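Subject: Structure handover

Hello,

Here is the structure we talked about. Please open it first, then read the notes below it.

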Amino acid sequence: MPKVLISDKMDPKAAQIFRERGVEVDEITGKTPDELKAIIGEYDGLAIRSSTKVTKDILDHATNLKVVGRAGIGVDNVDIPAASSRGVVVMNTPFGNSITTAEHAIALMFALARQLPEADASTQAGKWEKNRFMGVELTAKTLGLIGAGNIGSIVADRARGLKMKVVAFDPFLTPERAVEMGVEKVTLDELLARADFITLHTPLTDQTRNILSAEAIAKTKKGVRIINCARGGLIDEAALKAALDSGQVGGAALDVFVEEPAKASPLFGTPGFISTPHLGASTTEAQVNVAIQVAEQMADYLVSGGVTNALNVPSLSAEEAPKLKPYMALAEKLGSLVGQLTTGAIGRISIHTEGAAAELNPKPITSAVLAGFLRNQTDTVNMVNAPFLAKDRGMEVREVRTEREGDYHTLLRVSVKTADGERSVAGTLFGDQAPRLVELFGIKVEADLAGDMLYVVNDDAPGFIGRLGTLLGQAGVNIGTFHLGRRQAGGEAVLLLSVDEPVSADLLAQVKALPGVRTAMGLAF
Ligand SMILES: NC(=O)c1ccc[n+]([C@@H]2O[C@H](COP(=O)([O-])OP(=O)(O)OC[C@H]3O[C@@H](n4cnc5c(N)ncnc54)[C@H](O)[C@@H]3O)[C@@H](O)[C@H]2O)c1
Ligand SMILES: O=C(O)CC[C@@H](O)C(=O)O
């Protein structure tokens with residue numbers, strides 16, 4: 001039974017779903033990195049929010065880990081390249097807390113417009129400073145949206161409901177989508193010049209870090225109010241402090257900080273500054289949503305191989321998974337066969353699906369071929385890291401689909417381009433389930449690729465099979481299955497034998513010494 005650790009505070013629905021889906025679950029929160037390292041080796045899955053930092057060091061100790069699930073959107077607390085290279089799937093829940101976070105941005109916009117936190121503190125201090133707290137209306141004001149994705153578009157919708165004009169800067173926003181959202185797509189400079197309120201909804205990337213820098217803030221309307229419910233680091237905090245002090249910025253509300261937890265900041269206590277401790281996603285509804293989603297996604301993956309919302313591997317629905325499973329087994333075997341039979345650098349690998357296979361999602365099939373192929377070179381490869389490893393090794397990966405059926409109702413062909421030219425193997429599924437090799441380097445040969453095998457290429461001549469059988473028998477090697485193919489009578493022939501134990505180097509040398517043998521090698525599947 002797969003075992004999952006929930007290492008951050010999460011709605012109890014997550015643990016309940018894991019148990020219902022046949023996944024054992026421990027909830028252990030608040031561990032230090034060293035404490036987590038000591039226990040992580042026991043788990044197949046790790047469910048987190050933002051507190052647990054899934055570093056390379058943690059992943060190096062996570063010897064059984066198959067999946068990290070983030071109950072939320074941002075995955076900046078997960079070292080995704082390190083997870084990919086260890087073959088760990090990283091998934092998030094991209095929509096579960098979007099409405100809640102958008103509402104938090106709107107709440108902070110109202111709080112800034114009417115100075116609610118200061119007014120509250122002053123009133124409760126018995127001051128009744130009615131004249132101190134003059135606010136501004138939102139109606140007819142311009143809201144500048146930086147980032148118009150899931151959360152940004154909900155904020156835009158709510159702001160339009162408040163009768164605000166919304167201008168958006170997002171290089172990836174299409175004109176059609178801008179029209180659909182009812183926003184005006186503008187450049188960053190135009191937004192800075194026109195907005196009365198600015199709200200940020202982008203991820204933190206090299207392009208967005210300090211997108212509100214001192215220089216950008218200097219281009220804003222005097223008295224602009226700024227909200228950040230996305231990620232710390234999008235605003236230069238020192239520049240913001242200076243702009244609040246000078247009055248260039250009339251108010252700022254931050255839910256997120258460069259350093260979190262933000263226990264001290266020059267911004268704290270600055271008039272017009274409001275802060276919340278990364279509460280954007282903190283509503284009962286959002287936490288239930290993300291807990292349910294993350295548990296369902298992780299359980300799907302651990303129990304049936306379904307992949308949803310993964311950031312480092314193609315999606316595969318739980319319905320698709322059983323259909324693809326036999327193809328992935330076939331793909332891995334064909335990849336492994338080609339990997340074992342080819343030597344030297346591979347410039348290109350092509351994965352060709354034909355007939356029924358061409359109707360399937362090709363990505364998981366490709367990953368399985370690459371995993372099988374590369375297993376010969378490294379034993380840390382799996383479906384997740386195989387495409388990355390192939391890229392690292394400079395392999396070009398091609399996918400070709402032919403919907404029309406050929407000799408077989410469904411066929412998968414793997415071809416590699418080596419210094420000696422293009423070589424390919426092909427396989428099918430018998431009864432839509434059982435993987436079967438049907439062609440090896442242009443020779444028709446039917447074989448089940450399983451266990452230890454002996455591969456022999458020889459001159460097709462009478463008596464050869466008898467001599468080989470005698471040799472194996474004398475060496476005490478039992479033959480399980482025997483598959484034979486030839487290019488033409490008297491030409492090159494191929495033998496694939498399944499044997500009950502690996503063929504020793506000594507026996508292999510004797511096979512190679514038999515008259516007519518061109519090559520021989522032991523294979524393992
Ligand atoms: N405060 C919280 O608790 C909380 C909760 C949820 C999400 N978030 C954060 O909110 C942010 C937005 O989340 P989302 O779900 O809307 O993400 P999203 O991916 O749907 O949208 C992000 C948008 O940013 C745009 N973008 C990317 N680079 C840009 C650039 N250089 N300039 C302008 N726009 C750019 C993208 O095109 C996209 O439209 C993320 O950083 C997420 O981690 C915070
Ligand atoms: O889990 C949280 O409380 C914050 C989540 C938020 O930052 C996110 O990116 O989804």
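**Strand 10 and its neighbours**

Strand 10 and strand 11 (residues 249-254) pair in the parallel sense over 5 bridges. Two strands count as paired if DSSP finds at least two bridges between them. Helices (H or I, at least four residues) and strands (E, at least two) are DSSP runs, numbered from the N terminus.

A word on conventions. This is a predicted model: local features need pLDDT of at least 70, side-chain atom pairs count only at pLDDT 80 or more, and totals for chains, interfaces and linings use all residues. Residues are numbered from 1 along each chain as its sequence is written, while chains are lettered from A and ligands numbered from 1 in the order in which they are written.

Back to strand 10. In this pairing Val224 sits opposite Val249 of strand 11. Strand 9 (residues 197-200) is joined to strand 10 by 4 bridges, also in parallel. There, Thr199 faces Ile227. Strand 10, helix 11 (residues 237-246) and strand 11 form a right-handed β-α-β unit. Right-handed means that, with the strands pointing away from the viewer, the path from the first strand over the helix to the second runs clockwise.

How many residues of strand 10 (residues 224-228) are buried? The count is 5 of 5. Buried means 20 or more other C-beta atoms within 10 Å of the residue's own, exposed means 12 or fewer, and partly exposed is in between; C-beta atoms are placed from the backbone. In a regular strand the side chains alternate between the two faces of the sheet. Here Val224, Ile226 and Asn228 point one way, Arg225 and Ile227 the other, and all are buried.

**Strand 7**

Strand 7 (residues 165-169) has 4 of its 5 residues buried. Strand 6 (residues 142-146) pairs with strand 7 in parallel over 5 bridges, and Gly144 stands opposite Val167. Strand 8 (residues 184-185) runs parallel to strand 7, with 2 bridges. Ala168 is opposite Lys185 there.

**Ligands**

Where does ligand 1 lie? It lies between domain 1 (3-96 + 285-304) and domain 2 (98-275), because both give residues to its shell. Those bounds come from an automatic or database domain assignment. The shell holds 31 residues, the closest being Gly74, Gly149, Ile151, Phe172 and Gly280. A residue is near a molecule if its C-beta atom, placed from the backbone, lies within 6 Å of it. Helix 7 (150-161) gives the largest share, 3 residues.

Ligand 2 is surrounded by residues including Arg49, Ser50, Asn97, His278 and Ser282. That shell divides into 2 nonpolar, 7 polar and 1 charged. Ala, Val, Leu, Ile, Met, Phe, Trp, Tyr, Cys and Pro count as nonpolar, Asp, Glu, Lys and Arg as charged, and the others, Gly among them, as polar.

**Backbone points to check**

- The peptide bond from Glu260 to Pro261 is cis, with omega near 0°. Pro261 is in the loop between strand 11 and strand 12 (273-275).
- Trp128 has phi near 50°, a positive value in a residue other than glycine. Trp128 counts as exposed because it has 9 C-beta neighbours inside 10 Å.
- Lys163, in the loop between helix 7 and strand 7, has phi near 70°.

Best wishes
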